Amino acid sequence: MTTELESGSNKAPSERSVVPREYLFPFILVTTLFALWGFANDITNPLVRAFKEIFLISNAQSSLVQWAFYGGYATMAIPAALLIRKVSYKSGIIIGLILYAVGALLTIPASMMMEFNVFLVGFYVLTFGLAFLETTANPYILSMGPKETATQRLNLAQAFNPMGSLSGMFVASFFILPSLQVAEFREAELVAHPEYATMLPSEVDGLITEAMETNAAENPEAQQAMMAHDLDVVKTPYVVIAVIVIAVLLVFIFTKLPDTGREEESIRVIALFKRLLTNIKYVGGVVAQAFYVGAQIMCWTFIIHYGMTLVGLSAAQAQNYNILAMSIFLVSRFVCTFILKFLDPGLLLGVLAVGGGMLTLGAIFIQGMTGLYCLVGVSACMSLMFPTIYGIALDGLSHNDAKLGSAGLIFAIVGGAFMPRYQGSLIDGEGMTIAGQALESVRVSFFLPFVCFIVIAIFGFAVFLLAGKRKVEAL
């Protein structure tokens with residue numbers, strides 16, 4: 001930690017530190033929540049492809065998993081924020097953990113009934129809980145110390161989110177996807193048809209899907225048995241995480257946490273909304289966050305489709321590249337958090353968005369494994385976007401305004417509900433030819449995240465230029 005002599009400041013060291021000593025234990029405890037919702041996010045992403053084959057539905061239909069999952073955020077974000085303005089952060093966390101556990105446990109009746117829609121209800125309720133947790137934990141972390149280090153503090157806490165995400169990806173890659181009987185069916189088809197080795201992966205993928213549909217029509221009892229087995233595999237990790245969440249819930253119930261800000265007066269919602277909606281930086285942050293979350297979920301959800309359809313990988317093999325992407329994401333977040341000490345957040349955000357856009361174009365236009373590696377590399381650029389946008393948007397707000405302001409940023413997660421569905425529809429459609437190059441529909445679909453990165457870059461550079469203009473005017 002920098003000494004007073006080195007910094008030239010008269011403030012006590014604890015006032016300037018990223019996490020003051022008196023908040024260290026609460027900070028560690030609340031930071032565990034970031035890993036918990038990371039696990040839920042990234043164990044669910046691979047299910048879009050898995051449900052497509054288990055239930056034999058289209059890509060657009062299977063992307064309803066993300067519609068339900070991220071739609072839950074949009075539904076509950078603002079009600080959660082209004083509630084935590086009147087109660088403690090601890091109460092908001094407890095409510096969130098209860099809803100998380102209930103949603104995860106709904107996978108039990110969903111698997112028994114073999115109903116896709118019941119799974120969607122479970123994911124929807126689960127994310128009610130995640131909305132409470134994120135709406136509560138993010139501003140709580142920001143409030144645990146001096147304003148000057150708030151963005152660094154949130155980035156530090158957010159750095160543990162990918163650890164939970166990696167855990168979810170490992171469970172999906174090594175326990176769910178390889179254990180599915182639909183994966184065994186796919187492998188058996190490849191062995192039975194050696195001529196597939198001479199065909200394009202996209203053609204092979206279509207032929208295997210047709211074989212699955214034919215088998216379901218001709219052997220309905222075998223199809224039911226396979227579906228029951230695979231849904232039981234999908235259910236198991238959700239039951240396990242529900243037990244873990246209940247254990248964490250008990251810890252929070254019996255732990256005393258500091259109350260760093262609560263609204264004692266009546267809530268003037270209209271006036272509060274007016275203050276937020278006339279704050280250009282905040283509104284721009286909400287828009288940028290929606291496009292960021294959309295880009296993130298599209299890149300991580302459909303990397304499996306990219307690997308299977310364009311490179312010829314199995315679902316488990318393609319998911320391994322998602323793990324690689326998340327590992328890069330995790331390392332990059334720590335690196336970029338360090339860089340933030342020397343670089344303006346808006347400038348860094350803009351540069352990362354430009355890098356993400358260029359790599360997305362590489363995934364679209366470059367064939368084979370190189371294109372896949374470009375898609376993996378996008379995660380390095382996305383690593384710091386969520387917390388940086390979050391910190392920029394809430395900068396200057398009071399603790400209590402930040403509670404509702406954070407709800408708008410969590411509501412922006414709805415981008416993860418809408419955009420994957422549009423991308424799934426593009427994947428179900430036809431490819432196109434650009435500049436003489438034939439692009440499969442999966443490649444074409446990645447123009448959506450490319451557009452998202454353009455929006456994020458505009459926001460980042462605009463914030464940087466605005467901050468520079470204000471500094472000049474202050475001289």
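Start with the largest nonpolar core, a set of 153 residues; such a core joins buried Ala, Val, Leu, Ile, Met, Phe, Trp, Tyr and Cys residues through side-chain atoms within 4.5 Å. Select Val 30, Leu 33, Phe 51, Ile 54, Leu 97, Tyr 100 and Phe 252, which touch the most other members. Then colour helix α9, residues 116–143, which gives the most to this core with 14 residues. (Helices are DSSP runs of H or I, at least four residues, numbered from the N terminus.) At least three core residues come from each of domain 1 (19–258) and domain 2 (269–474), with bounds from an automatic or database domain assignment.

A word on what you see: this is a predicted model, where local features need pLDDT of at least 70, side-chain atom pairs count only at pLDDT 80 or more, and totals for chains, interfaces and linings use all residues. Residues are numbered from 1 along each chain as its sequence is written, and side-chain values use heavy atoms, leaving out hydrogens and water.

Next, zoom in on Phe 252. Beyond residues up to four places away in sequence, Phe 252 touches Leu 29, Val 30, Thr 32, Leu 33, Lys 90, Ile 93, Ile 94, Leu 97 and Leu 257; contact means heavy atoms within 4.5 Å.

Now pick Thr 309 in helix α17 (residues 303–311). Is Thr 309 buried or exposed? Thr 309 counts as buried, at 9% relative accessibility (buried is under 20%, exposed over 50%, partly exposed in between, with a 1.4 Å probe and protein chains only). Leaving aside neighbours within four places in sequence, its contacts are Arg 49, Pro 201, Ser 202, Asp 205 and Val 442.

Last stop: Phe 338, in helix α18 (residues 315–339), is partly exposed at 48% relative accessible area.

Definitions and conventions. Helices (H or I, at least four residues) and strands (E, at least two) are DSSP runs, numbered from the N terminus.
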